[in-house]
Amino acid sequence: MQKAESSLKALVFGPTGTVGFELVMDLLKHPRWSNVTIVTRRVYEEWEKIDEDQKKRLKIVLKKNLDDLEDFSKWTELERDYNVLICCLGSVGKTDQKTKYLADYLYPLNAAKLAVHLQIPHYS
């Protein structure tokens with residue numbers, strides 16, 4: 001059995017959906033997660049209402065879209081010592097085929113490639 005780490009770091013894609021938002025809030029509730037970096041197109045008001053300790057541990061990376069996800073040189077603001085990359089991307093409702101392809105296949109695939117590039121040991 002591996003020794004439990006005292007300080008964990010997560011990188012989360014898709015933090016504004018139902019699952020992603022709840023995941024981020026749960027990670028921030030546990031002090032074991034010293035850093036939760038989220039990649040998002042917009043900032044939720046709820047993130048402004050979290051307590052000061054949680055705000056210190058939350059890093060928000062704003063991106064217009066994820067079209068350049070496979071160009072690693074455009075992701076220099078991300079660190080290399082995350083314990084996990086969690087992908088909560090996905091399409092919802094009546095979405096056109098291109099958007100479904102991007103959100104359900106291409107972006108999650110490229111996020112996994114980014115995890116490999118950043119040497120993140122776990123992808124979920």
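Predicted model: local features only at pLDDT ≥ 70, side-chain atom pairs only at ≥ 80, totals over all residues.
**Figure 1. The buried residues of helix α1.** In α1, the buried residues are Gly20, Phe21, Val24, Met25, Leu27 and Leu28. Viewed down the axis of α1, these buried residues fall within an arc of 160°, so they line one face of the helix.

**Figure 2. The surroundings and the length of helix α1.** The buried residues of α1 pack against several elements, namely the strands β1 (8-13), β2 (33-40) and β3 (58-62) and the helices α2 (45-48) and α3 (52-57). On the face of α1 turned away from its buried side are the exposed residues Thr18, Val19 and Lys29. Helix α1 comprises 12 residues (residues 18-29), and at 1.5 Å a residue it should span 16 Å; the C-alpha atoms at its ends are 17 Å apart, which agrees.

**Figure 3. Lys9 in strand β1.** Lys9 belongs to strand β1. Its relative accessible area is 12%, and a residue is called buried when this value is under 20%, so Lys9 is buried. The side chain of Lys9 makes a polar contact with the side chain of Asp81, at 2.8 Å. Apart from neighbours within four places in sequence, the residues in contact with Lys9 are Trp33, Ser34, Asn35, Glu79, Asp81, Tyr82, Asn83 and Val84.

**Figure 4. Asn35 in strand β2.** Asn35, one of the residues that Lys9 contacts, is located in strand β2. With a relative accessibility of 12%, Asn35 counts as buried. When neighbours within four places in sequence are left aside, Asn35 is in contact with Leu8, Lys9, Ala10, Arg57, Lys59, Glu79 and Tyr82.

**Figure 5. Val36 in strand β2.** Val36 also lies in strand β2. The relative accessibility of Val36 is 0%, so this residue counts as buried. Not counting residues up to four places away in sequence, Val36 touches Ala10, Val12, Val24, Leu27, Leu28, Arg57, Leu58 and Lys59. Between Val36 and Ser91, which are 55 residues apart in sequence, the distance from C-alpha to C-alpha is 23 Å.

**Figure 6. The largest pocket and its lining.** The largest pocket holds about 630 Å³ of space. It is lined by 21 residues, of which Thr16, Arg41, Leu89, Gly90 and Ala103 are the closest to its centre. Strand β2 and helix α4 (97-117) each supply at least two residues of this lining. The largest share comes from α4, which contributes 4 residues to the lining of the largest pocket.

Figure 7. Gln119 is found in the loop between α4 and β5 (122-123). Its phi is positive, at about 60°, although Gln119 is not a glycine. At a relative accessibility of 61%, Gln119 counts as exposed. Gln119 and Gly17 are 102 residues apart along the chain, and their C-alpha atoms are separated by 26 Å.

Terms used: Residues numbered from 1 in each chain as written. Heavy atoms only, no water. Expected span 1.5 Å × (residues − 1). Buried < 20%, exposed > 50% of the residue type's maximum accessible area, 1.4 Å probe, protein only. Arc of directions from axis to C-beta. Contact = heavy atoms within 4.5 Å. Polar contact = N/O pair within 3.5 Å; in protein donor to acceptor, adjacent residues only side chain to side chain. 1 Å grid on protein atoms, 1.4 Å probe; cavity = no way out; pocket = protein on both sides within 12 Å on 5 of 7 lines; lining within 4 Å. Points joined across faces, edges and corners; volume = space filled by probe spheres on them.
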